[in-house]
Amino acid sequence: GADSQGVVLLGDSAGAHFHIPPEWMTVTQMTAKSFANLPMAFTDELDWPQFSEITGFLNSTIGGWTDSLYLRLRRRNRCNHRDLQNISQNGGSSGNLLSLIKSLARNQLLDNPAIVIYATIGNDVCNGNRDTLAHMTTPKEMHSNVVQALQYLDTRLPNGSHVILTGLVDGRFLWDNLHDRYHPLGQLNRDVTYRQIYSFLDCLQVSPCSGWLTPNETLRNLTSERALQLSNVLKEIARSEKFAHFDVFYMDFPLRQTTEEWQKMGGEPWQLIEPVDGFHPSQIAAALGTSITWQKALHEWPQVLGKENPFNDQIEAVFKDQGGH
């Protein structure tokens with residue numbers, strides 16, 4: 001089809017849309033029905049890419065709503081049908097994405113171009129180690145990892161593809177908005193706050209992010225400082241590196257705009273965070289993030305999204321809905 005292209009996400013657990021249903025833990029909501037999705041959730045390592053920000057295609061059953069780059073591209077051009085790949089992994093960082101990226105399904109000569117979103121939102125600074133700062137990716141390592149990933153993509157992506165590098169998040173948002181709120185486990189008796197959950201996970205050395213989920217403000221600031229340095233590496237790569245088969249863009253992680261947008265709709269910032277782990281972006285955050293990314297691309301890099309297909313209505317008339325995705 002005219003201008004048609006696929007969507008590929010290279011990411012971490014946020015990109016895969018990690019979610020533990022809060023009704024598994026909130027005593028007042030617990031019924032047999034609450035656990036109906038348990039087998040599927042565990043097989044997918046608690047990831048729900050079918051509702052995610054980049055590759056979501058099903059109506060959300062986990063609260064919020066689904067809006068995704070894939071669905072918007074499909075509406076813009078009906079030829080972009082079922083051409084999506086979510087290569088995300090819980091714990092995905094710039095380092096371990098180098099092996100994960102090999103599962104990219106794209107034939108350089110025969111396939112349509114792709115829009116690749118590279119989004120390791122936190123794992124280059126997030127770990128559960130005692131000496132968390134020593135285990136963070138350095139700017140030098142980040143540069144090397146990302147350039148290697150892009151060089152690999154240059155051997156796989158068809159001509160005319162696009163890569164968008166997403167900056168790291170400023171995770172101070174998590175502590176600031178959650179630490180004194182009750183966790184689902186503590187909602188009934190008002191006895192367990194996120195501050196306690198974070199300390200408990202840290203004590204077991206299984207915290208998803210010792211640098212941000214901590215009462216130590218200095219450490220939270222240092223973690224954000226490193227995240228900013230790594231985002232600047234990505235920004236610099238987008239500015240200075242050139243590749244044969246694609247162009248490279250950079251965008252900040254849209255947390256501030258997402259929060260503003262949600263507050264305009266009457267929401268609270270804490271609702272943008274997954275309630276059980278107190279760490280990942282929620283379904284609402286993912287859906288709102290989509291529209292912010294889309295608007296940015298539309299205004300600043302319209303070539304990435306391709307033209308609107310004038311034959312959309314005819315395509316729909318001939319092929320019908322095909323199950324909606």
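User: How do you know that the span of helix α8 agrees with its 24 residues?

Analyst: Helices here are DSSP runs of H or I with at least four residues, numbered from the N terminus. The expected span is 1.5 Å times one less than the number of residues. For α8, residues 217–240, that should give 34 Å, and the end C-alpha atoms are 35 Å apart, so the two agree. Keep in mind that this is a predicted model, where local features need pLDDT of at least 70 and side-chain atom pairs count only at pLDDT 80 or more, while totals for chains, interfaces and linings use all residues. Residues are numbered from 1 along each chain as its sequence is written, and side-chain values use heavy atoms, with hydrogens and water left out.

User: Which residues of α8 are buried, and what covers them?

Analyst: Buried means under 20% relative accessible area, exposed means over 50%, and partly exposed is in between (1.4 Å probe, protein chains only). In α8 the buried ones include Leu219, Thr223, Ala227, Leu230, Leu234 and Ile237. Their cover includes β3 (114–119), α5 (139–154), β4 (161–166), α6 (172–178) and β5 (246–251); strands are DSSP runs of E with at least two residues.

User: Why is Arg190 called exposed, and Gln205 partly exposed?

Analyst: Arg190 has 57% relative accessibility, so it counts as exposed. Gln205 has 43%, so it counts as partly exposed. Arg190 is in the loop between α6 and α7, and Gln205 is in the loop between α7 and α8.

User: What is the phi of Arg190, and of Gln205?

Analyst: Arg190 has a positive phi of about 50° without being a glycine. For Gln205, also not a glycine, phi is positive and near 60°. Most residues other than glycine have a negative phi.

User: What makes Gln283 buried, and what is it in contact with?

Analyst: Gln283 has a relative accessible area of 3%, so it is buried. It belongs to helix α10 (residues 283–300). Contact means heavy atoms within 4.5 Å; leaving aside neighbours within four places in sequence, the contacts of Gln283 include His17, Phe51, Trp65 and Glu274. With Trp65, a polar atom of the Gln283 side chain lies 2.8 Å from the backbone oxygen.

User: What sits at the start of α8?

Analyst: Asn216 does: one of its side-chain oxygens reaches to within 3.0 Å of the backbone nitrogen of Thr218.

Notes: A polar contact is a pair of N or O atoms within 3.5 Å; within protein, one must be able to donate a hydrogen and the other to accept it, and residues adjacent in sequence count only if both atoms are side-chain atoms.
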